[in-house]
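Dear colleague,

Please find below the structure that I am handing over to you.

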Amino acid sequence: MPFKALGLDPHILQAIQEAGYTEPTPIQSAAIPVVIAGGDVIGIAQTGTGKTAAFTLPILTRLTAHPVPQGQRRRTRVLVLAPTRELVAQIEENVLAYARHLPLKIAKVYGGVGEKPQKDALRAGSDIVIACPGRLLDLMGQRCADFSQLEYLVLDEADRMLDMGFLPDIRRILNQLPKKRQTLMFSATLSKEIESLTHEFQHAPKIVQIGKRSNPAETVTQLVYEVPKHLKMALLAHLLEDEKMQMVLVFSRTKHGADKIAKKLEQGGVTCATLHANRSQNQRLRALDDFKSGKVRVLVATDIAARGIDVDGISHVVNFDFPHIVEDYVHRIGRTGRAQAIGDAISFVSPDETPDVRKLERFINRGLVRKKAEGFNYNMTVPFVPDDRPERRNQRPFQQQQRRPQGQGGPRQGGSPSGQGGGRSEGQRRDNRRPSSGQSAPRPQGQPQREAQSPSGARTLWNRLTGKK
Ligand code: AMP
């Protein structure tokens, strides 16, 4: 079904044509008519399915069909709640693109940055507010927001908001909103908790479910490399010798581990940035911008990023540590293969992580392909191992680590209760169509050419890392 047949406003049709969309994704075909008809929706869709447009396009159409009478004060008509700052910024980016031919004001609200500009935007009156619950609640408490005329509420990544403990904040916000409104809820899974949230806040919602429950996008090739823990860094360096790995998102279970991986890669001359909760908001936005623009080839992130990143052309996602929580795996690999493009998700799995892989395979009801990395020396000895333990005061010097007997080399992984294990501890996502697995992905339009690391040049990466000539 073409976009034209969905009943969207002509200005919006023009904007999506300019965005380069040719046809709606399945979640869009299913959700848009329901929302335009005025019904509540529960959208069960994985990341990368086009769900942002699935709720934004019909809401914009409805706003345009019922404009505020001239001379009346501008009040907020749409509130979108999302779990992370990155996701809020991304939704805003999408809404701005879809609403570019409409006279609407949009405000975003999230913590970690100064309140004043957000307060000013709210007080000046914005048609659409996109917000993280915590900061919004603060600003509502300061009477900055006027939701008395609110018509549409969207809860995006509702499952994640619950995981992150936002339920009390959400309840407090929703209790202050008009009861007569259209409520749309999007979630990767339809859990019991989501169902009860639905009963609490929605009216006779229609469930729009695309694909199987919690199944990773089918366009993503998922591979498992079984590798001892102490060889993971060497394997990453080895894989990065392949220039097809041109835009790589690496997941570490801990912030400390992410920093260590990035540091090692940088030492080897690989352009790299990190994204995790210990980085300031500005550092995080810069890291994302540098990754998006091609200034850096690798972005090392914790699960914070799995929810927030929408970057064109990610060629590979590497799970340096295998996630404990199956939903985190789905969200991580949803960063590639977005909007029906093809991408590779690679998981490094050490023997102690095998139970987590089995758990995932049972959950998604299919086995992941095990692969041996071609040309990689699984018997090599390594002079260091990435240590993802939380920082210790009396860090053992590098030389001592070198003397550690092989086999016991890998320090414990990601077990810190306060770390990001399980992805719960942090406040906290176009078109990388690859014609075939043997070809490299074309760059998305507008992105500069990434610095090619020739196989011969890159062959020295591991040597550079280990200080060998
Ligand atoms: P989302 O699941 O909303 O995060 O969207 C994933 C990505 O798909 C975003 O970068 C969108 O720009 C892109 N996208 C959304 N709808 C379409 C479409 N109909 N055709 C092509 N790309 C799309």
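**Overview**

The protein has 18 helices and 14 strands, where helices (H or I, at least four residues) and strands (E, at least two) are DSSP runs numbered from the N terminus. Please note that this is a predicted model, in which local features need pLDDT of at least 70 and side-chain atom pairs count only at pLDDT 80 or more, while totals for chains, interfaces and linings use all residues. Residues are numbered from 1 along each chain as its sequence is written, and side-chain values use heavy atoms, with hydrogens and water left out.

Of the 469 residues in the protein, 57% are buried; buried means under 20% relative accessible area, exposed over 50%, and partly exposed in between (1.4 Å probe, protein chains only). The accessible surface comes to about 20000 Å², and carbon and sulfur atoms account for 49% of that surface. These areas come from the Shrake-Rupley method with a 1.4 Å probe, and for residues only the protein chains shown count as cover.

**Helix H1**

Helix H1 spans residues 10-18, and its buried residues are Ile 12, Leu 13, Ala 15 and Ile 16. They cover an arc of only 160° around the axis, which puts them on the same side of H1; the arc is that of the directions from the helix axis to the C-beta atoms. In general, an α-helix has 3.6 residues a turn, so residues three or four places apart point the same way. Pro 10 and Gln 17 are exposed on the other side of H1. The cover over the buried residues of H1 includes helix H3 (51-65) and helix H4 (85-98).

At the start of H1, the backbone nitrogen of His 11 has a side-chain oxygen of Asp 9 within 2.8 Å. Gly 20, which follows H1, has a positive phi, near 90°.

**Gln 28 in helix H2**

Gln 28 belongs to helix H2 (residues 26-36). With a relative accessible area of 3%, Gln 28 is buried. A polar atom of its side chain lies 2.9 Å from the backbone oxygen of Gly 50. Leaving aside residues up to four places away in sequence, Gln 28 touches Phe 3, Leu 6, Pro 33, Gly 50, Ala 53 and Ala 54, contact meaning heavy atoms within 4.5 Å.

**The strands**

Seven strands form an open sheet with parallel pairing, in the order E3-E4-E2-E5-E6-E1-E7; two strands pair if DSSP finds at least two bridges between them. Strand E3 (106-109) and strand E7 (206-209) stand at the edges with a single partner strand each, so one side of each is left without a neighbour in the sheet. On average, neighbouring strands of this sheet are turned by 15° against each other, direction ignored.

Within the sheet, strand E2 (residues 78-81) pairs with strand E4 (residues 128-131) in the parallel sense over 4 bridges. Leu 81 stands opposite Ala 131 in E4.

Strand E8 (residues 220-226) is mostly covered, with 5 of its 7 residues buried. E8 pairs in the parallel sense with strand E14 (residues 369-371) over 3 bridges, and Val 224 stands opposite Arg 370 in E14.

**A loop residue**

Leu 190 lies in the loop between strand E6 (182-187) and helix H9 (192-201). Leu 190 counts as buried, at 16% relative accessibility. Its C-alpha atom is separated by 9.8 Å from that of Ala 158, 32 residues apart along the chain.

With kind regards

How values were computed
A polar contact is a pair of N or O atoms within 3.5 Å; within protein, one must be able to donate a hydrogen and the other to accept it, and residues adjacent in sequence count only if both atoms are side-chain atoms. Axes are lines fitted to C-alpha atoms, for helices over the stretch in contact, and angles run from 0 to 180 degrees between N-to-C directions.
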